[in-house]
Amino acid sequence: MNKQEFVQGNEACARGALYAGCRFFAGYPITPSSEIMEYLAREMPKVGGVCVQLEDEIASISAVIGASWGGVKAMTATSGPGFSLMQENIGYAAITETPCVIVDCQRWGPSTGQPTKAAQGDVMQARWGTHGDHPVIVLTASWVREVFEMTVLAFNLAEIYRVPVILLLDEVLAHLRENVTLPVAGELEVVERLEKTNGRMLNFGAGAHLMITGMAHDETGFPVQGEKAAQHLKRIVGKIEEHKERLMRYQGFYLDDADFLVVSYGITSRAVEAAVERLRAGGVPIGWLDLKILWPFPDKLIREIASHVKYILVPELNLGQLVREIERAAAGQAPVAHLGRVDGSLITPEEICKYVQDEVARVQRVCL
Amino acid sequence: MTRDYRQYLRVEKLPHVWCPGCGHGIITHAIASAMADLQLDPDQIAVLGGIGCSGRASFLFQTDAMHTTHGRAVAFATGLKLARPDLHVLLVMGDGDALGIGGNHFIHACRRNIDLTAVIYNNAIYGQTGGQLAPTTPTEKRSTTSPYGNVEHPFDIARLAMAAGATYVARTTSFDFPEIVRFVRRGMAHKGFSVIEVLTQCPTYYGRLNDLRDPSQMLYEFKSHTVSLEEYHQMSPEEQAGKIPIGEFLCEERAEFIESYYGLCQLGRSA
Ligand SMILES: Cc1ncc(C[n+]2csc(CCOP(=O)(O)OP(=O)(O)O)c2C)c(N)n1
Ligand code: SF4
């Protein structure tokens with residue numbers, strides 16, 4: 001039977017990874033992600049898996065990719081500075097179609113910033129951090145149990161689409177402890193590593209004499225140029241873009257009769273939830289879209305909702321990142337405002353309520 | 001059935017991409033010969049290369065192979081070997097790749113004594129990118145980014161590997177094919193981190209920039225500038241100047257990383 005436990009976000013991530021069948025972790029200590037490696041350093045040996053601390057984050061992502069080609073589900077976890085160091089090889093994972101999971105517990109600012117302060121400032125880096133056009137899937141979570149579930153989903157999507165999957169957490173969620181009931185064996189779907197696809201073996205050591213390269217290549221793994229290189233790039237980007245609709249993960253609340261819409265994700269969604277309940281109780285026709293997958297971005301969904309609301313608010317712990325995408329997708333159908341906070345504290349329900357109420361008053365003035 | 005060196009190469013991919021007179025082909029041929037001497041099962045070998053002319057050797061082995069990113073082959077191999085301890089994992093890297101951008105991974109692999117075989121194609125220059133300065137370029141030698149001569153001191157790869165903890169270390173040159181074969185064979189058979197440094201010629205850049213245009217002249221230079229370790233130790237400091245010692249520097253037993261890790265797992269499971 002499921003039992004209630006008091007669990008930290010980072011621990012939920014580590015346990016989600018084990019649940020998903022992850023048997024390889026390589027990392028380098030960095031606040032606020034280190035507890036993930038510390039937990040796995042204790043638990044991995046018990047299940048015959050590998051957890052190693054390497055010399056830096058570049059080595060960590062490299063080893064994760066190497067292990068993945070050894071046929072093992074593999075993950076690394078880090079925060080901003082380490083995430084920056086990993087970028088080149090995230091691109092390598094994308095072009096070589098290597099399933100792997102990268103957890104980024106976001107912290108404040110560029111460079112060293114504020115290591116112990118939460119932020120949502122890596123949203124664009126997660127999408128575009130490595131050079132060149134490339135496919136990637138980016139997930140996020142707002143609750144400790146959800147961290148567990150999204151970690152499992154990250155592994156599943158990495159296997160299905162053969163891409164690096166990035167899970168964006170943040171300092172508060174990483175360190176937050178909640179009373180939760182975590183999934184028991186069999187409760188969540190776990191996608192196993194395929195041994196072959198289209199008749200081709202996928203792992204090293206299987207006699208297939210695979211050739212893996214970060215250069216533009218054809219299905220044999222050898223370099224190509226010109227139209228064949230274009231085909232390669234279009235295929236790897238297309239496999240995510242074409243499945244956008246299937247990949248969407250979100251929750252909508254009060255969307256049917258909403259005049260005002262809040263779009264949020266990650267830790268900020270917790271404040272939005274409280275604010276929306278209060279505003280609804282006060283008679284404000286507000287709706288809420290809680291995004292769980294940030295990339296691929298749900299353009300169509302935003303476009304549809306924007307066509308029947310008067311106003312969209314996007315609260316984020318940054319100076320304006322996902323709001324740009326929302327503005328683009330809304331395409332002028334509704335004005336889009338940004339509520340950003342970067343003093344290291346979370347956005348509160350009160351701030352959101354006040355912002356929305358002021359806006360409601362303004363709109364009413366205009367309409368009168 | 002005995003296996004011939006050609007069975008370890010993707011012969012259908014020949015001719016290779018290297019310049020006429022380049023030493024990289026000699027080393028690659030020697031590695032395949034060492035695999036044949038050991039009669040290894042090609043299905044049980046993985047060859048990982050970095051980025052550079054040397055890293056392109058990874059495309060030539062009829063085994064599982066990975067052409068990784070610049071300097072990171074050692075780190076990719078660390079993950080692969082931990083996931084698949086049963087595989088023989090061999091690295092083909094340039095001097096710039098292994099000691100410049102990848103220097104950190106290299107010394108830590110030495111320290112861990114992880115069971116990998118690293119063959120370093122040391123041409124003392126960045127060949128792939130057009131002849132720039134490498135961390136192995138001798139002092140005063142020219143490159144496109146040290147046009148007036150190098151003012152830095154080069155790494156001595158073999159001594160660096162020993163100091164960092166590698167347990168098999170050997171150095172030779174592309175002049176001596178049988179010795180490359182012997183050292184790679186010994187390195188692959190050795191349990192632990194094995195480093196085989198092979199001094200090799202890049203006539204296109206190092207040669208042209210340093211008045212050594214003829215590849216055969218470069219090979220003879222290797223012969224005249226190198227002495228066996230035994231001889232080297234008997235020479236006076238004056239005699240040693242300008243001479244490069246070659247041979248087997250070290251072959252010792254020390255706890256190996258993968259074995260130690262899985263030993264710990266056994267303990268963890270029984271706890
Ligand atoms: C991160 C990164 N920086 C720079 C390069 C460009 N680059 C490609 S190969 C190379 C140097 C290769 O020299 P070496 O490793 O000595 O091998 P060689 O070509 O001489 O065999 C460089 C700098 C790169 N591919 N990646
Ligand atoms: S540039 Fe130098 S190292 Fe590269 S293939 Fe030509 S000769 Fe060999």
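Reader: Buried means under 20% relative accessible area, exposed over 50%, partly exposed in between (1.4 Å probe, protein chains only). So B:Ala32: buried or exposed?

Author: B:Ala32 is buried, because its relative accessible area is 0%. Keep in mind that this is a predicted model, where local features need pLDDT of at least 70 and side-chain atom pairs count only at pLDDT 80 or more, while totals for chains, interfaces and linings use all residues. Residues are numbered from 1 along each chain as its sequence is written, chains are lettered from A and ligands numbered from 1 in the order in which they are written, and side-chain values use heavy atoms, leaving out hydrogens and water.

Reader: Which helix holds B:Ala32?

Author: Helix α1 of chain B, residues 24-37. Helices (H or I, at least four residues) and strands (E, at least two) are DSSP runs, numbered from the N terminus.

Reader: What does B:Ala32 touch?

Author: Leaving aside residues up to four places away in sequence, B:Ala32 touches B:Tyr5, B:Tyr8, B:Leu9 and B:Phe61. Contact means heavy atoms within 4.5 Å.

Reader: On to the two chains. How many residues does each one put into the contact?

Author: Chain A puts in 42 residues and chain B 39. Together the chains bury about 3200 Å², and carbon and sulfur atoms give 62% of that. Buried area is the accessible area (1.4 Å probe) that two parts lose on being put together, summed over both.

Reader: Which residues of chain A supply more of that area than any other three?

Author: A:Glu55, A:Phe204 and A:His209, with 22% of what chain A buries against chain B. A:Glu55 also forms a salt bridge with B:Arg112, their closest N and O atoms 2.7 Å apart.

Reader: How many salt bridges cross between chain A and chain B?

Author: One (a side-chain nitrogen of Lys or Arg within 4 Å of a carboxyl oxygen of Asp or Glu). There are also 19 residue pairs in polar contact across this interface, both residues at pLDDT 80 or more. A polar contact is a pair of N or O atoms within 3.5 Å; within protein, one must be able to donate a hydrogen and the other to accept it, and residues adjacent in sequence count only if both atoms are side-chain atoms.

Reader: Which element gives the most on the side of chain A?

Author: α3(A), with eight residues of the side that touches chain B. That side divides into 25 nonpolar, 13 polar and four charged residues. Ala, Val, Leu, Ile, Met, Phe, Trp, Tyr, Cys and Pro count as nonpolar, Asp, Glu, Lys and Arg as charged, and the others, Gly among them, as polar.

Reader: New topic. What domains does chain A have?

Author: The assignment gives domain 1 (4-245) and domain 2 (251-367). Such bounds come from an automatic or database domain assignment. The centres of domain 1 and domain 2 of chain A, taken over C-alpha atoms, are 29 Å apart. Their contact takes 31 residues from domain 1 of chain A and 28 from domain 2 of chain A.

Reader: How much area is buried between domain 1 and domain 2 of chain A?

Author: About 2400 Å², 58% of it from carbon and sulfur atoms. On the domain 1 side of chain A, A:Gln120, A:Val123 and A:Met124 lose the most area to domain 2, together 27% of what that side buries.

Reader: How many salt bridges are there between those domains?

Author: Three. A:Asp299 and A:Lys244 also meet through their side chains in a salt bridge, at 2.6 Å, N to O. Polar contacts between domain 1 and domain 2 of chain A come to 17 residue pairs, both residues at pLDDT 80 or more.
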